[in-house]
Amino acid sequence: MSGSAVVFYILSFFILVTGLLAVTSRKIFRSAIWLLFSLTGIAGLYFWLQMEFVAAVQIVVYVGGIVVLIIFSIFLTQQAGKDLPAPMRSRVIFSVLAVCAGFALTCLLVLQYVFTPVSPERHGPTVTEAGVPAAGAGVMSVDASVGNIGAQMLSTSEHGYVLPFEVVSILLLAAMIGCIVIAMKPKPEEK
Amino acid sequence: MNQVPLSHILVVSTALFFIGMYGLFTRRNMITMLMSVELILNSVNINFVAFNRYLYPGKLDGVFFTLFIVAIAAAEAAVAIAIIINLYRNLRSIDVEDAGEMKF
């Protein structure tokens with residue numbers, strides 16, 4: 001077993017243990033902190049897969065944004081020192097049974113399936129930048145650098161992602177306005 | 001990276017998905033249920049990135065799907081927390097069992 005594989009197994013063990021603690025911890029603030037560790041471990045997994053930009057986005061948006069938002073809302077809505085009530089025994093038993101059955105079935109399917117990589121040669125030349133075919137079209141892996149991702153995301157050619165980009169920007173605007181409207185305090189009645 | 005087969009990464013993401021599912025089944029507090037949903041979304045993101053890396057190494061489509069899922073998850077978390085704070089203001093509780101006014 002090489003060093004890279006060891007790093008992968010340590011990272012996945014870390015992710016799963018902290019995720020399990022995040023869903024079972026009885027103190028809600030500790031649960032949020034375990035979630036933070038789990039998300040950081042997933043960012044490490046992206047670094048291990050050599051997707052540096054996705055890892056950076058994971059850290060900035062999840063660890064820096066969503067978890068901080070969750071911690072703020074815990075402070076606004078909860079007495080932070082109080083334990084959560086324990087779930088009902090029957091509910092725990094049935095959840096564990098359902099989850100284990102689903103996990104076993106999915107693992108069986110995943111381990112039986114034979115994955116065949118699609119080499120770039122069979123699908124024509126690799127498109128790297130704004131629809132321009134790459135010079136070395138037979139290369140095995142595309143360069144996942146920030147410049148490449150940005151150029152393809154904003155290109156209007158066949159492999160561009162400019163339409164989903166605009167749709168997501170509208171969605172974010174709508175979510176922002178919706179949050180303000182929902183969380184706004186009603187005005188006191190004027191007399 | 002190539003010493004680890006793709007199926008091991010998929011097993012890890014499946015385990016993370018079902019851990020989130022367990023949290024969604026057993027927790028009755030809205031904020032902890034939201035945390036479980038975040039775990040589920042992250043397991044899907046791991047799948048997209050791993051498939052892109054192993055099966056389609058000449059393309060970037062999985063990366064884009066991951067980025068859009070992250071953006072949508074951020075919007076979803078913000079709206080959910082606004083709703084939770086509003087419910088707390090009205091009901092003084094964020095337990096899903098107490099928020100039964102819109103049932104039926």
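This is a predicted model: local features need pLDDT of at least 70, side-chain atom pairs count only at pLDDT 80 or more; totals for chains, interfaces and linings use all residues.

Reader: Where is Arg92(B) in chain B?

Author: Arg92(B) sits in the segment after H3 of chain B. Its phi is positive, about 60°, although Arg92(B) is not a glycine.

Reader: OK. Which residue of chain A has a positive phi near 60°?

Author: Gln50(A), again a residue other than glycine. Gln50(A) lies in the loop between H2 and H3 of chain A.

Reader: And why does Gln50(A) count as partly exposed?

Author: Because Gln50(A) has 13 C-beta neighbours inside 10 Å. The cut-offs are 20 or more for buried and 12 or fewer for exposed, with partly exposed in between.

Reader: Back up a bit. What's chain B made of, in helices and strands?

Author: Chain B has 3 helices and 0 strands. Along the sequence that reads α-α-α.

Reader: How does the radius of gyration of chain B sit against that of a compact globule?

Author: Chain B has 17 Å, whereas a compact globule of 104 residues would be near 13 Å. The C-alpha trace of chain B spans about 55 × 25 × 25 Å along its principal axes.

Reader: How much of chain B is buried?

Author: Of its 104 residues, 51% count as buried. H1(B) is mostly covered, with 15 of its 21 residues buried.

Reader: What span should H1(B) have, and what does the model give?

Author: At 1.5 Å a residue, the 21 residues of H1(B) should span 30 Å, and the end C-alpha atoms are 31 Å apart, which agrees.

Reader: Switching topic: what's the confidence like for chain B?

Author: The mean pLDDT of chain B is 89, and 96% of its residues reach 70 or more. For the model, ipTM is 0.91 and pTM is 0.86.

Reader: Tell me about H3(A), then. What's its length?

Author: H3(A) has 26 residues and reaches 36 Å from first C-alpha to last, close to the 38 Å expected at 1.5 Å a residue.

Reader: Where is the kink in H3(A) centred?

Author: On Tyr62(A), with a kink of about 25°. Tyr62(A) is also one of the buried residues of H3(A), a list including Val57(A), Ile66(A) and Ile70(A).

Reader: What covers those buried residues of H3(A)?

Author: The cover includes H2 of chain A, together with helix H2 (30-54) and helix H3 (61-91) of chain B.

Reader: Pick Ile70(A). Why does Ile70(A) count as buried?

Author: Ile70(A) has 25 C-beta neighbours inside 10 Å, so Ile70(A) counts as buried. Leaving aside neighbours within four places in sequence, Ile70(A) is in contact with Ala32(A), Ile31(B), Leu34(B) and Met35(B). Ala32(A) is 38 residues from Ile70(A) along the chain, but their C-alpha atoms are separated by 7.4 Å.

Reader: And from the chain B side, is Val70(B) buried or exposed?

Author: Val70(B) is buried, because 21 other C-beta atoms lie within 10 Å. Val70(B) is found in helix H3 of chain B.

Reader: What is Val70(B) in contact with, leaving aside its neighbours within four places in sequence?

Author: Val57(A), Val61(A) and Asn45(B). Val57(A) is itself among the buried residues of H3(A).

Reader: Last one: how far apart in space are Val70(B) and Val96(B)?

Author: They are 26 Å apart, C-alpha to C-alpha, and 26 residues apart in sequence.

Note on methods
Residues are numbered from 1 along each chain as its sequence is written. Chains are lettered from A and ligands numbered from 1 in the order in which they are written. Helices (H or I, at least four residues) and strands (E, at least two) are DSSP runs, numbered from the N terminus. The radius of gyration is taken over C-alpha atoms; the globule rule is 2.2 Å times the number of residues to the power 0.38. The expected span of a helix is 1.5 Å times one less than its number of residues. The bend at a residue is the angle between axes fitted to the seven residues ending there and the seven starting there. Two residues are in contact if their C-beta atoms, placed from the backbone, lie within 7 Å. pLDDT is the predictor's confidence in each residue, from 0 to 100.
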